[in-house]
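Here are a few notes to read with the model open on your screen. Take them one at a time and find each spot as you go.

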Amino acid sequence: MSKVYVSSVVNGDPVEFLCDADTSLLDALRDELGLTGAKEGCGTGDCGACSIMLDGRLVCSCLVLGPEAEGRQIDTIEGMAEGSELHPLQRQFLEHAALQCGFCTPGLLVASKALLERNPDPSETEIRFWLAGNLCRCTGYDKIIRAVQDAAAELRQERSVA
Amino acid sequence: MTGFQYSAPVSVEEAVALLAVDGKARLLAGGTDLMVQMRSGRVAPSQVVDIKRIPGAIGIRQENGGFVIGAGTSCAALGEHAALCAAWPGVVEGANLIGSTQVQGRATMAGNLCNASPAADSVPALVAAGARCLVVGPQGQREIAVQDIPVTPGRNSLAPGEFVLELRLPARPAGASDAYLRAIPRTEMDIAVVGAGVNLVVAPDGTIIEAHVALGAVAPTVLLVKDAGAALVGSKLDDAALQRMEQAVSAACKPISDKRGTAEYRKSIAAVLARRTAKIAYQRAGERS
C-alpha cells in the first residue's frame, strides 16, 4: 500500500513525512519525526501519555491518524522548553518531585499547559478534573497538583510584571 | 489496524461515493470510538473516510432560532459556545461528560449517536430536545429524529453510503431549559449506569407546558418516555407529578444486568435520576422565563 504524504507544522517548524494510512499520529511523531516525548501507554485514549496539541486543542495522539495531521498545527512536549530554559511547569514538576518513572510526565505537562493557557488560576478541583485523563501510577497525583498550582502562580506573577 | 485507504473528501458527494464503495468503508469524525475499534480488531475497514474537511462539518451556527451542529464538531467546542450553553445546557452537559479532556477535544455528538451505545451520554438530552439529524447519502438528503438512528447496541439505521452531516436543535421559547444527569460509581471518566435527559417548557406562572423525558442505559436504545413527559405537563413539578413521572420511568425501563449494575438497580435509580434531572431543568427554565 502506498504511503501518505503529510505536511504540517510541528512546534512551529514546517515538517513533511510519509506514513501508512493506518499509522497513528503518535507513531508518526515518534517513528517518522523522532519526537519520542509523547508516549504510548494504553493506545485507547484512556491514559493521556500521548497528549499533544492539535490546532490548539488537547488530544490523545494515539486516537488521531497520521494523515489527519495534513495542514494542521501540532505542539508536543519537545516544544515546551525555550532552548535550555525549562517552562515553569517543567521546573515545578522537578521541584516538587512530581514524577517518578516519568512515563506520564510529557502528557501531564502538555495537558497542564493547555489548562493554564485557558485558566490561569484553576482551583484544585478544576486541575484534578482537567487532568483526569492523564494517569500516573507512581506519584498519587498530589505532587503533580501542587506543581501545577505553583507553576500557575509563577506564570500569573510573570504576567503581572510584564 | 491494517491496510485501509484514508481519504479526506471536501464535498458531501465525494464522501458519499467513497462510503458507498463497499460495505466495509467507515466514517471518521472524532475517531475516539473508531480508532479503538480498529486497534482491537473489532472493525477492519477497507476505507476510512474523514468527513472533517467537508465545509460545514465542523462548527455551530444559529439558524431560525435553533442551532445547527456539524457532525465533526468536538464536544469541547460545544462547551465553549456561550449561546448554545445558554439555550441547551442539558445537551451540552451530556456531551461534556464523555471521556477525558483529551477525548473531549475530538469526540463528537454525531459519533456518539451513530456508535449506538445504549449508554451514550450525549443522546438522552438530544432525544429529549427533539433534535434531528441531517442524513446525506446516495439518495440525496433526509432529516430524521435523533432517536431513529440507534437500532440495537452498536448498530444504527443508516444505509450504506449514508452519514449524519448535521445535528439540528430547534428554536427555544422563553421559559425553556433542559438538563442531563448520569449515575456512575466514580466522579469522572466512566460509562453511564443510567442516564436521564429532561427538556421542559415552563409558562411564566410556573406551569409546565411541554415536557420530554429520555433515558439512557436502561434498554437496547435510548428511550423517549412519552408517559413520563405527559405526567409533568400541567403541573408545577409538585410531588404528585414527580411520582407519576417516576412510575412512568420505571415502567418504561427494560434494562439488563451487567457489570455496571443489576436490572433492579437500574430501574430504581432511573426514577431517582429522572426526578433530580427534572428539578434542575425546571429551575433553569425558571431562570430563563
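1. Start where the two chains meet. In this predicted model, 13 residue pairs are in polar contact across the interface of chain A and chain B, with both partners at pLDDT 80 or more. On the chain A side, strand 3 (51-54), strand 4 (57-60), helix 3 (105-118) and helix 4 (124-130) each supply at least two residues that touch chain B. Strand 4 of chain A gives the most, with four residues.

2. Now look for charges. Five salt bridges turn up across the interface of chain A and chain B.

3. How much area is buried between chain A and chain B? It's about 2500 Å², and carbon and sulfur atoms give 56% of that. In terms of residues, 31 of chain A are in contact with 30 of chain B.

4. Next, hop over to helix 11 (residues 263-287) of chain B and pick out Gln283(B). Is Gln283(B) buried or exposed? Gln283(B) counts as exposed because its relative accessible area is 53%, and the cut-off is over 50%. The side chain of Gln283(B) also makes a polar contact with the side chain of Glu287(B), at 3.1 Å. Looking back along the chain, Ala270(B) is 13 residues from Gln283(B) in sequence and 20 Å from it in space, C-alpha to C-alpha.

5. Last, the rings. Zero aromatic pairs are counted over all chains. Still, check Trp88(B): the charged end of Arg172(B) sits over its ring, 3.5 Å from the ring's centre.

Key: Residues are numbered from 1 along each chain as its sequence is written. Chains are lettered from A and ligands numbered from 1 in the order in which they are written. This is a predicted model: local features need pLDDT of at least 70, side-chain atom pairs count only at pLDDT 80 or more; totals for chains, interfaces and linings use all residues. Side-chain values use heavy atoms; hydrogens and water are left out. Rings of Phe, Tyr and Trp (its six-membered ring) pair if their centres lie within 6.5 Å; planes under 30 degrees apart count as stacked, over 60 as edge-to-face and the rest as tilted. A charge sits over a ring if NZ of Lys or CZ of Arg is within 6 Å of the ring centre and within 35 degrees of the ring normal. Buried means under 20% relative accessible area, exposed over 50%, partly exposed in between (1.4 Å probe, protein chains only). A polar contact is a pair of N or O atoms within 3.5 Å; within protein, one must be able to donate a hydrogen and the other to accept it, and residues adjacent in sequence count only if both atoms are side-chain atoms. Contact means heavy atoms within 4.5 Å. Buried area is the accessible area (1.4 Å probe) that two parts lose on being put together, summed over both. A salt bridge is a side-chain nitrogen of Lys or Arg within 4 Å of a carboxyl oxygen of Asp or Glu.
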